[in-house]
Every structure is written in C-alpha cells, then in structure tokens.
Amino acid sequence: DLELDLQRCQQLSVTVLTDHQYLSNTELKTITNSRAPQQYRIRAKLRTYKPQKLHQSVKLHCSKCNSLQEVPDRDDFDFILHGSAGTAPNPELHNTSWYESVTWTTQEQKQREITIHFVKHDEMLQHPEDTLLMVEGGTRKEIWKLSKRFKCVIPVRSTEDDLELLDLSAPFLLQGNVKYYGCKQCSTPKPMKNLSSLAAEQQPSWEPAEIAQVLGIELLQYVFIMKFTLVDETGALSAYLFDY
C-alpha cells in the first residue's frame, strides 16, 4: 500500500534511494543550482507528499494540449444521463444497415424509454463479448451492467439526422471496468455513423483508440501524479511523479 509506505517514509529519519549505486550522493542545494537535465543520487528525508488521499493522484491527461483534468465522479455522469433521457429516441434512426435496434419502456413509476443499438458485422449480430452497443436513455447502473456483458458500450442520444455522443464530461465509451474520456478542448465529435467503417472491417477489434479516432475524439489517458518534498541539511527539493 503506497499510502502506508509514504507514511513510514516520513517516520524514518533518512530514506535512501537504492538505484544508481554508481553515482555518489549529491546535496540538494547543488541540484537546485544546477541546470537540467542531470542525473543525481540523493540521501534525503521525505517531508511531505501530495495529495494525501491516494485516489486523488489519478488524473486525466491530454497529450495534444497537455492539460490535466480531474476524473469526473458518478454524480456528473448521472446528471448528463438524466439530461439526455429527456430526448426521446428517434424511430427513424433505428435498424440501419450496420446496427439493429431494440426499444422497451421501463416499469418504474416515471416510465423511461431505453433503446439499444447492436452494431452488426456482415449483417449479423456478433457474440456479446465481441459486440459494441450504443445506448439511449439508460441510467448509469444500467449502462454499467451492459458494459460487464458486452465488449463496448457508448452512451448516445438521437438527433434529427443521426445518433450522437453525449457531453464529453461523461465517458464516451465504457469497456469492462474502464471508462474512456475525451478532451473537450481538442475533440471535434462526429456522428455515430462514422463507426460503420470499423464495423465493416474483416475482424472489428473495437479498440478504444480506433473508436476515438473515427468519432473525432482526442482520447484522454489516465495518469498517476504525486508531489514529494525532499529535504537534507542544505535545502529542499520538490519531486514530481508522473506516469501512465
């Protein structure tokens, strides 16, 4: 557990980095007065680390504009799905040459219409583990259940002419336990009909990067970020950890 390890490091008087044994120890004052990039080996104490909660270290990074974003929480997704549920599915967009559509009404007091569009391959439905779905009107729990059974799930809504993605504050794609997000600044979302080119491939793999590309989405990557403050007798140094 990294959080416990960091707490233990703070309790120790000295933390020794065990890599790069061929380098001699360098004082932090020397490092802060040197021009980067350089390689050093240090002997220092860990004074602080941020963030304090480990889950807060996970961010979303756009490699195009180099922005960092917080991972949206469940409430954000619920709010966007609730808003999209107000748009009734357009029957004229059902059962095209590349997907098959099924609609039903929920039995709850405030009835909802849910439509699932099953993307076909060679005019045939694929096995669930190979199938991409587009869902209109579903709740977060319903979409999550579908993502456990089918390979990919894309939440969508109807327009007059085509199906389209929801607000990019929501995940544009769910695959298993992973939610995929797009950069609002760098993406230019395209209609869902652009997916038909992937469906026509000999063996559609439904890779998130390929789906993002044909839908005009700049894919955000999950990154792990932490800041450490290291000290010795000569000064302090801020160290940043950034990794995919």
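Predicted model: local features only at pLDDT ≥ 70, side-chain atom pairs only at ≥ 80, totals over all residues.
# Asking what lies behind the labels

Me: How do you know which residues line the second largest pocket?

Reply: A lining residue has an atom within 4 Å of a point, and those of the second largest pocket are Val-71, Pro-72, Asp-73, Arg-74, Phe-77, Asn-177, Val-178, Lys-179, Tyr-181 and Tyr-222. Two or more of the lining residues come from each of α3 (74-84) and β12 (178-180), where helices (H or I, at least four residues) and strands (E, at least two) are DSSP runs numbered from the N terminus. With Ala, Val, Leu, Ile, Met, Phe, Trp, Tyr, Cys and Pro taken as nonpolar, Asp, Glu, Lys and Arg as charged, and the others, Gly among them, as polar, the lining divides into 6 nonpolar, 1 polar and 3 charged residues.

Me: Why does the count of disulfides come out as it does?

Reply: A disulfide requires a pair of cysteine sulfur atoms within 2.5 Å, and by this rule the count is 0.

Me: Is Cys-186 called buried or exposed, and why?

Reply: Buried means under 20% relative accessible area, exposed means over 50%, and partly exposed is in between (1.4 Å probe, protein chains only). The relative accessibility of Cys-186 is 18%, so this residue counts as buried, and Cys-183 is buried as well, with a relative accessible area of 1%.

Me: What makes Trp-98 and Tyr-99 an aromatic pair, and of which kind?

Reply: Rings of Phe, Tyr and Trp (its six-membered ring) pair if their centres lie within 6.5 Å, with planes under 30 degrees apart counted as stacked, over 60 as edge-to-face and the rest as tilted. By that test the structure holds 3 aromatic pairs. In one of them the ring centres of Trp-98 and Tyr-99 are 4.8 Å apart and the planes stand at 85°, so the pair is edge-to-face. Trp-98, at 12% relative accessibility, counts as buried, and Tyr-99, at 3%, does too. Phe-118 and Phe-150 form another edge-to-face pair, with 6.0 Å from centre to centre and 65° between the planes.

Me: Why can the pair of Phe-118 and Phe-150 be said to tie parts together?

Reply: Phe-118 lies in strand β6 (residues 113-121) and Phe-150 in the loop between α4 (140-149) and β9 (152-158), so the pair ties together parts that are 32 residues apart in sequence. Both Phe-118 and Phe-150 are buried.

Me: What makes the phi of Asn-66 worth a remark?

Reply: Most residues other than glycine have a negative phi, and most peptide bonds are trans. Asn-66, which is not a glycine, has a positive phi near 65°; this residue lies in the loop between β3 (58-61) and β4 (68-70) and, at 56% relative accessibility, counts as exposed. Trp-206 likewise has a positive phi, about 55°, but at 1% relative accessibility it counts as buried; its place is the loop between α5 (196-199) and α6 (208-214).

Me: Which kind of peptide bond joins Lys-50 and Pro-51, and what is its omega?

Reply: The bond is cis, with an omega of about -5°, and Pro-51 is found in the loop between β2 (43-50) and β3. The peptide bond from Ala-36 to Pro-37 is also cis, with omega near 0°.

Conventions:
Residues numbered from 1 in each chain as written. Heavy atoms only, no water. 1 Å grid on protein atoms, 1.4 Å probe; cavity = no way out; pocket = protein on both sides within 12 Å on 5 of 7 lines; lining within 4 Å.
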